[in-house]
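Subject: Structure handover

Hello,

Here is the structure we talked about. Please open it and read the notes below alongside it.

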Amino acid sequence: PPPAGASPGSGALNPFDRRLKRKQKNWAALQAEPAKCDYLREEVRGRGGVTLSEPRRVPHPPLTPREKTFPLALDVGSGRGYIAQHLTKETVEKLIQADIAENALKNAIESEIPTVRVVADEEFLPFKEDTFDLVVSSLSLHWVNDLPKAFREIHQVLKPDGVFIGAMFGGDTLYELRCSLQLAELEREGGFSPHVSPFTAVADLGHLLSRAGFNTLTVDTDEIQVNYPGLFEVMEDLQGKYILCMGESNCSWNRKPLLHRETMLAAAAIYQEMYGNSDGSVPATFQIYYMIGWKYHESQAKPAQRGSATVSFGDLANIEGLLKRGKK
C-alpha cells in the first residue's frame, strides 16, 4: 500500500501500484509457454558489457581479474529464474531467488545451482546485513517505487567487497509509442494520460548508486530496437506476448484504463508519419541501463592523496617528450 502522506491518485511518492504489479506478475507466470517472452531478456543478457550470467568477468578493484566462485548470490526480482539457468556451479555455489510474485517462484526454471526461493519485495529485503557475495537484478527495478531505498537494501545485504550487477529499463524506452499516444490524445481528447510507465534517467542512476554506498561504479546504456508492421501490432505484441507474459503491464496509479478508437487510429497515423521506416514498418525502442557497483572493502584500490600527482594536465601537450624521458 502507499506510504503515509502519499495518495494513490497523485502518485507523488509512489507512482506504482505494487499490489497490482504482484497480480500481473502472478498472472504472467501461469501463462502457457512463457519462455517465448524471454527474447528481450536474452538480448539484455547478451548485450551487457559484462553479462549478468558471467559475474566472474567483472573487473575487481583495482581492475584485476576475479576468478573465484561466489559462495552465495541473490537474484532480486528473479521472476521465473531466467538468470539462474545461465549461471554455473563454477560461478555461484548457492543462489537465493527473491520476487514479489509467488507464482513466478513456484514455476521457476530449474537450475544446476542449489536454489532457495523467497517471496520478498525489492524495497524490503528480508536478509541480514553482509550476507551475499553477489547480487544480480535483471529488468525488475524499474517497477520499484523507492529506487534509492532499493539500492540501499541491496548494498546492506552485500558483504564487504561484494558486487551488484543489474539491468533495468531506461527513460527512452518506448518513446515512439509514448509520443504518438500523447499527441493523438491531445488532438482528439484535449489532454493525455500516461500509457507507458515512467522510467529513471541515466544521469540520476550513478548518483543514486553512489548515495547508496556503492563505489567503483560502472553505468552504461544501450538500445534494443524491434520493428513492427504498425502501432496496433506494437501494442498487441507488447500486451499479448511480452508485457503480460513478463508481468510488465503498466501499474501506475494514474494510468488510463482504455483508449478511444478514434484516438488509437490517430496515434497509428502519427506513429507511421513520425517514426515509420522506409519499408513501412515502425520501430519500438527499449533503452537498457547496465550497472555495476562494489561494496567497500579495505583491500580495494584507494584514490591517491590530493597533491601527490607528479604530472599536470598542462603537460599533455608534451606527452611524447615525457614518455621519452621516462624511457631514459
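The expected span of a helix is 1.5 Å times one less than its number of residues. Helices (H or I, at least four residues) and strands (E, at least two) are DSSP runs, numbered from the N terminus.

This is a predicted model: local features need pLDDT of at least 70, side-chain atom pairs count only at pLDDT 80 or more, and totals for chains, interfaces and linings use all residues. Residues are numbered from 1 along each chain as its sequence is written, and side-chain values use heavy atoms, without hydrogens and water.

Helix α1
Helix α1 covers residues 18–29. Its 12 residues should span 16 Å, and its end C-alpha atoms are 16 Å apart, so the two agree. Several α1 residues are buried, among them Arg18, Lys21 and Ala28. Buried means under 20% relative accessible area, exposed over 50%, partly exposed in between (1.4 Å probe, protein chains only). The cover over them includes β2 (92–99) and α3 (102–106); contact means heavy atoms within 4.5 Å.

The sheet
Seven strands make an open, mixed sheet, ordered β3-β2-β1-β4-β5-β7-β6. Two strands pair if DSSP finds at least two bridges between them. β3 (115–119) and β6 (215–228) are the edges, each pairing on one side only. β6 and β7 (residues 282–294) run antiparallel, joined by 12 bridges.

Most residues other than glycine have a negative phi. Asp161 has phi near 75°. Asp161 sits in β5 and is buried because its relative accessibility is 12%. Leu174 has phi near 55°. Leu174 lies in the loop between β5 and α5 (175–189) and is buried at 7%.

Best wishes
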